[in-house]
Amino acid sequence: MAATDTILTQTPANASATAIPQGAAKPNYFNEGFRELGNHHTVDFMPFGELPLPYIFFDHGSLHVYASVESLKESGVYTTNVDPKFDPQQLIGTSPLTEKGAALRIDGKPIGLDLSITSNLFFLGFAGVLLAILGAIAASRAKKSLIPSGLRNLFEVLIIFVRDDIVAPNIAEPYGSRLLPYFLTIFFFILLANLTGLLPWAHTPTSSVEVTAALAICTFVITQVIGIWTMGIKTFLLHLTAGLHEMELSIVMKALLLAIMVPIEFMGIFTKPFALCIRLFANMTAGHIIIISLICLALLFHSIIIGFFVTVPFAIFVYLLEIFVATLQAYIFTILSALFIGMMAHSAHDEHVHDHDLPHAPDGDHLVATSHG
Amino acid sequence: MNPAGLAFLGAGIGAGVAVLGAGQGIGKLVASAIESQARQPEMSGGLRTTMIIGAALIEGIALFALVICIILATK
């Protein structure tokens, strides 16, 4: 492949040299830049050194903990796939978006259970702790006085926005207020996780597909549980026929249609959370890729003019756009989750099944259809 | 022509075509939303929400295509 060929012919010496000798292959700045987007085992504070994150494995029945790459390699059992010093020979065969410094066993066997704290996990925790602290401060201010101000005001505006504009129009009432804490949690968590990635030295946790998949799985589980809870398992399964079981059709026609409709409806259950997952991941990754490409452009041309007139203004523009996208994607994830969950709760109300199971079920015309703003 | 070159070509053309389709879709969506908002300004709140959801769904499809292109280009 062309991309890996350039790395193959490149030696570590001329990778660090500023002037590239004539005839030698140029280093692949783009691949090295994109590699920074992947999951790491260190947190890089560029001029001030870096913070190693621990490697933790549950392998062959025992727990192994190594504080850093050095102690991992001293163990004699494990090694890493990519050297932290970017030895170009070792980059071959790994995609730029894969984990940097992932552990391998020297004997080639797979590692049992990898529980390592990577930069993803580190910054997810950072966002979570930050959210807890900010939330606690806002809540403590609410106890002191009734008049909202500052941080508490900001929280109140966002919470009321989620309640009135996201949850209330989409989810029928007993479930709306019961599920409100979930929507508030994912909204604030995704918002802070997205914005964390815009801080200097930080890594965006939501720009890796594992994190967004975990978030989408939460929505998926709640959707299905609400569906089964409100409709009962029989109606829930009949839901998959898209109403065909009630239509008056000949047996042959019905069988043919069912053979098409049931797989499609069944796939539809899984494509919705899959789209949620990919949308958040791709949106958060795309902006970073553009910024890294712009920086690589200046490196590629070895030109101050391009750096000054192209990289700096466009990178700042994309960065500002990313602040907007980070907020928008938190909103989109929350409102689409609310839509998918609301569709399940609504269809139960439309069919008036198992209403007696619900202690506080309101009438059918109680379906909250108020539009705000 | 070597297969890697073809993969890069495919990724480039694919990204272009995906963006073309998404641009068409979002353009049409926003155009009709603005038209409706001009006719009935009192509905603009609900229309904006529906428009953003529609745009997000269209964008999601475009991003599926772009993810495939990125996989092709970084193989």
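Let me start with helix 6 and helix 7 of chain A. In this predicted model, helix 6 covers residues 119-144 and helix 7 covers residues 150-167, and the two pack with their axes 8 Å apart at an angle of about 105°. Angles from 65 to 115 degrees count as roughly perpendicular, and helix 6 and helix 7 of chain A are therefore roughly perpendicular to each other.

Which residues make that contact? From helix 6 of chain A come A:Leu134, A:Ile137, A:Ala138, A:Arg141 and A:Ala142, and these meet A:Leu151, A:Arg152 and A:Phe155 of helix 7. By class, the residues of this contact are six nonpolar, two charged and no polar.

Now the other helix pair I want to show, which is in chain B. Helix 1 of chain B, residues 3-39, packs with helix 2 of chain B, residues 44-74, at an angle of about 175°, and the axes are 8 Å apart. Anything over 145 degrees counts as roughly antiparallel, so helix 1 and helix 2 of chain B are roughly antiparallel to each other. The contact between helix 1 and helix 2 of chain B has 22 nonpolar residues, eight polar residues and one charged residue.

Staying with chain B as a whole. The secondary structure of chain B is two helices and zero strands. Its radius of gyration is 17 Å, while the globule rule gives 11 Å for 75 residues, so chain B is more spread out than a compact globule. The C-alpha trace of chain B spans about 60 × 15 × 10 Å along its principal axes. How many of the 75 residues of chain B count as buried? The figure is 9%. Of the contacts in chain B with a separation of 6 or more, 76% are between residues 24 or more positions apart.

Back to chain A, with the overall figures. Chain A has 11 helices and seven strands. Of its 373 residues, 28% are buried. Taking contacts in chain A between residues at least 6 apart in sequence, 67% join residues at least 24 apart.

Next, the sheet. Strands of a sheet pair through backbone hydrogen bonds, in a parallel or an antiparallel way. In chain A, three strands form an open sheet, ordered 4-3-7, and the pairing is antiparallel. Which strands stand at the edges? They are strand 4, residues 62-66, and strand 7, residues 113-114; each has a single partner strand, so one side of each is left without a neighbour in the sheet.

Take strand 3 and strand 4 of chain A. Strand 3 covers residues 55-59 and is joined to strand 4 by five bridges, running antiparallel. A:Ile56 has A:Val65 of strand 4 as its bridge partner, and A:Asp59 stands opposite A:Ser62, also of strand 4. The hairpin of strand 3 and strand 4 of chain A has two residues between the strands, and A:His60 there takes a positive phi near 50°.

On to strand 7 of chain A. Two bridges join strand 7 to strand 3, again antiparallel. Here A:Phe58 stands opposite A:Leu113 of strand 7.

Most residues other than glycine have a negative phi. A:Trp201 is not a glycine, yet its phi is positive, about 70°. A:Trp201 lies in the loop between helix 8 (173-196) and helix 9 (209-238) of chain A. Is A:Trp201 buried or exposed? It has 12 C-beta neighbours inside 10 Å, so it counts as exposed.

A:His302 is another such residue, with a positive phi near 55°. The loop that holds A:His302 runs between helix 10 (251-301) and helix 11 (304-351) of chain A. A:His302 has 12 other C-beta atoms within 10 Å, so A:His302 is exposed.

Last, A:Gly49. Where is A:Gly49? It sits in the loop between strand 1 (42-44) and strand 2 (50-52) of chain A. A:Gly49 has 9 C-beta neighbours inside 10 Å and therefore counts as exposed. A:Gly49 and A:Ile306 are 257 residues apart along the chain, and their C-alpha atoms are separated by 29 Å.

Notes
Residues are numbered from 1 along each chain as its sequence is written. Chains are lettered from A and ligands numbered from 1 in the order in which they are written. This is a predicted model: local features need pLDDT of at least 70, side-chain atom pairs count only at pLDDT 80 or more; totals for chains, interfaces and linings use all residues. Axes are lines fitted to C-alpha atoms, for helices over the stretch in contact, and angles run from 0 to 180 degrees between N-to-C directions. Helices (H or I, at least four residues) and strands (E, at least two) are DSSP runs, numbered from the N terminus. Angles under 35 degrees count as roughly parallel, over 145 as roughly antiparallel, 65 to 115 as roughly perpendicular and the rest as oblique. Two residues are in contact if their C-beta atoms, placed from the backbone, lie within 7 Å. Ala, Val, Leu, Ile, Met, Phe, Trp, Tyr, Cys and Pro count as nonpolar, Asp, Glu, Lys and Arg as charged, and the others, Gly among them, as polar. The radius of gyration is taken over C-alpha atoms; the globule rule is 2.2 Å times the number of residues to the power 0.38. A residue is buried if 20 or more other C-beta atoms lie within 10 Å of its own, exposed if 12 or fewer, and partly exposed in between; C-beta atoms are placed from the backbone. Two strands pair if DSSP finds at least two bridges between them.
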